[in-house]
Structures are given as structure tokens and as C-alpha cells.
Amino acid sequence: MTEMKPGDESPDLDNLSDAAKRLLSEAEDAANLDALQGVWTAINPLGKAGEITAPEAELVRARVRALKGQMTSESHGAAA
């Protein structure tokens, strides 16, 4: 079992910052990979500005990765 360090906790989804909620919403609404890339690019500046926490940033990254995987598999499925 790995030891949990302060800051490693998963963010409480009910208490996300407004910036994290906005990024998740933008990711969900992304129509294409370019839009998802824009969300991904916005994560670090918001983290550095203190608008999102490290766990929130990781949550958004994970969601963007999942959505990118869905978009990629859907585009490959459509081409087949």
C-alpha cells in the first residue's frame, strides 16, 4: 500500500474551484481534439496562478485524456 502525502488526496467533486469546474465543462463540451488541447494548455497557468489545486489539475488532465481516447477511438471506428 502506498503512503498518502498531503496534497495527494483526490479533490472533493462537490467542492471544486470555479476554474476547475470551468475546465471540466469546457472539456466535456469540446467538439474536437483541438478544443481539448486548449483545455489541456490552460491547466498549468491556472495552477501556477493558484486558481486550481494540484489534485484538481490532475483530475482535469485525467478527464481530458479519457475524452481524447474516446474521440480518437470514435474517429478510428468511423474510418473503418
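**Figure 1. The fold at a glance: three helices and zero strands make up the secondary structure of the protein.** Helices here are DSSP runs of H or I with at least four residues, strands are E runs of at least two, and both are numbered from the N terminus. This is a predicted model, in which local features need pLDDT of at least 70, side-chain atom pairs count only at pLDDT 80 or more, and totals for chains, interfaces and linings use all residues. Residues are numbered from 1 along each chain as its sequence is written, and side-chain values use heavy atoms, with hydrogens and water left out. Along the sequence, the pattern reads α-α-α.

**Figure 2. A close-up of the largest nonpolar core, which has 17 residues.** Such a core is a set of buried Ala, Val, Leu, Ile, Met, Phe, Trp, Tyr and Cys residues joined through side-chain atoms within 4.5 Å; buried means under 20% relative accessible area, with a 1.4 Å probe and protein chains only. Look for Leu-23, Leu-36, Ile-52 and Val-60, which touch the most other members. Helices H1 (18-29), H2 (33-48) and H3 (54-79) each supply at least two residues of the core.

**Figure 3. Ile-52 and the residues that it touches.** Contact means heavy atoms within 4.5 Å. Not counting residues up to four places away in sequence, the partners of Ile-52 include Leu-23, Ile-43, Leu-46 and Ala-57, along with Ser-17.

**Figure 4. Ser-17, in the segment before H1.** Ser-17 counts as buried because its relative accessible area is 19%. A polar atom of its side chain lies 3.2 Å from the backbone oxygen of Glu-51. Beyond its neighbours within four places in sequence, Ser-17 is in contact with Glu-51, Ile-52 and Glu-56.

Key:
Buried < 20%, exposed > 50% of the residue type's maximum accessible area, 1.4 Å probe, protein only. Polar contact = N/O pair within 3.5 Å; in protein donor to acceptor, adjacent residues only side chain to side chain.
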